[in-house]
Amino acid sequence: MLAKRFGAAGAGFIGGGFLTMIVLALLVSIFDLGFQSVMPATLIVGSICGVVGFCFPGLGAGLFAMVDW
């Protein structure tokens with residue numbers, strides 16, 4: 001059970017950080033914002049997604065099953 005929680009936390013951290021990095025990089029490039037780095041926001045959102053993944057390990061599987069064609 002604990003391994004499932006840590007797996008969900010890792011997946012949430014990596015997935016949330018990766019998606020945030022892509023979205024922020026697109027926003028910076030489209031609107032020509034003067035950010036030096038998008039990494040602080042990426043780490044914050046990735047950490048939040050990791051905590052949510054640890055607390056609710058079935059949430060990601062449920063969301064994936066919802067969008068799985």
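**Ring contacts and cysteines**

Arg5 lies over the face of Phe54, 5.7 Å from the ring centre. The structure described here is a predicted model.

A search of the whole structure finds one aromatic pair. Phe6 belongs to helix α1, which covers residues 2-31. Phe54 belongs to helix α2, which covers residues 39-55. The pair therefore ties together parts that are 48 residues apart in sequence. Phe6 is exposed, at a relative accessible area of 52%. Phe54 is partly exposed, at 29%.

The cysteines were examined next. A disulfide is a covalent bond between the sulfur atoms of two cysteines. A search of the whole structure finds zero disulfides. Cys49 is in no disulfide, and the nearest cysteine sulfur, that of Cys55, is 12 Å away. For a disulfide, the two sulfur atoms must be within 2.5 Å. The sulfur of Cys55 is 12 Å from the closest cysteine sulfur, in Cys49, so the gap is too far for a bond. Cys49 has a relative accessible area of 28% and is partly exposed. Cys55 is also partly exposed, with a relative accessibility of 40%.

How values were computed: Residues numbered from 1 in each chain as written. Predicted model: local features only at pLDDT ≥ 70, side-chain atom pairs only at ≥ 80, totals over all residues. Heavy atoms only, no water. Buried < 20%, exposed > 50% of the residue type's maximum accessible area, 1.4 Å probe, protein only. Phe/Tyr/Trp six-rings, centres within 6.5 Å; stacked < 30°, edge-to-face > 60°. Helix = DSSP H or I, 4+ residues; strand = E, 2+ residues; numbered from the N terminus. Lys NZ or Arg CZ within 6 Å of the ring centre and 35° of its normal.
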